[in-house]
Amino acid sequence: MIPVTPLLCEFESARPIRFQGYPGSVWRSALGATLRRSVCITGQSTCDDCPVHGHCAYGQLFEPGLNPAVGHQGLNLPSPPRTYVLAPLDCGESVVAGTP
C-alpha cells in the first residue's frame with residue numbers, strides 16, 4: 001500500500017477569485033507559481049534542460065520527468081502521475097479577498 005499523509009491547509013486570497021470549473025486547478029496553479037518563484041535558482045523560463053531539475057522541489061512536484069527505473073514504461077504517459085492530490089473543500093464559485 002502507498003503511504004498517504006492527509007494535510008489540511010488553509011489559504012487566504014489577497015484578491016477576489018472567481019472559479020471557472022474545478023477550484024483545485026486554481027489553487028494548484030497558485031501553489032506552483034509561488035513555489036517556483038521561491039525555489040528556482042536558474043531563472044530559466046521553463047524547466048526544460050534545467051541542470052538541477054532532479055534536486056528542485058518545484059521540478060519534483062510539478063514537472064517530474066519520466067524515470068524508466070521507476071516503472072512508468074508501457075503506460076504511455078507524457079509524464080508520471082503526480083505524488084499529491086489537491087481536494088479543496090467546497091468554497092463555492094468565488095472567494096472574497098482576505099477570507100480563508
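1. Buried residues of helix H1. In this predicted model, the buried residues of H1 are Pro23, Gly24, Trp27, Gly32, Leu35 and Arg36. They pack against three elements: strand E1 (17–18), helix H2 (57–62) and strand E2 (94–95).

2. Length of H1. The helix covers residues 23–39, 17 residues in total. At 1.5 Å a residue, it should span 24 Å.

3. The cavity. Searching the whole structure turns up 1 cavity of 30 Å³ or more. The volume of the largest cavity is about 80 Å³.

4. Its lining. Arg36, a buried residue of H1, also lines the largest cavity. By type, the lining divides into 7 nonpolar, 3 polar and 1 charged.

5. A disulfide needs two cysteine sulfur atoms within 2.5 Å. For Cys50, the closest cysteine sulfur is in Cys47, 6.1 Å away, and therefore too far for a bond. For Cys56, the closest cysteine sulfur is also in Cys47, at 6.2 Å, again too far for a bond.

6. Burial of these cysteines. Are Cys50 and Cys56 buried or exposed? Cys50 is buried, with a relative accessible area of 17%. Cys56 is buried too, at 16%.

How values were computed
Residues are numbered from 1 along each chain as its sequence is written. This is a predicted model: local features need pLDDT of at least 70, side-chain atom pairs count only at pLDDT 80 or more; totals for chains, interfaces and linings use all residues. Side-chain values use heavy atoms; hydrogens and water are left out. Buried means under 20% relative accessible area, exposed over 50%, partly exposed in between (1.4 Å probe, protein chains only). On a 1 Å grid over the protein atoms alone, a cavity is a set of points where a 1.4 Å probe fits but cannot get out, and a pocket is an open set with protein on both sides within 12 Å along at least five of seven lines; lining residues have an atom within 4 Å of a point. Grid points are joined across faces, edges and corners, and a volume is the space filled by probe spheres set on the points. Ala, Val, Leu, Ile, Met, Phe, Trp, Tyr, Cys and Pro count as nonpolar, Asp, Glu, Lys and Arg as charged, and the others, Gly among them, as polar. Helices (H or I, at least four residues) and strands (E, at least two) are DSSP runs, numbered from the N terminus. The expected span of a helix is 1.5 Å times one less than its number of residues. Contact means heavy atoms within 4.5 Å.
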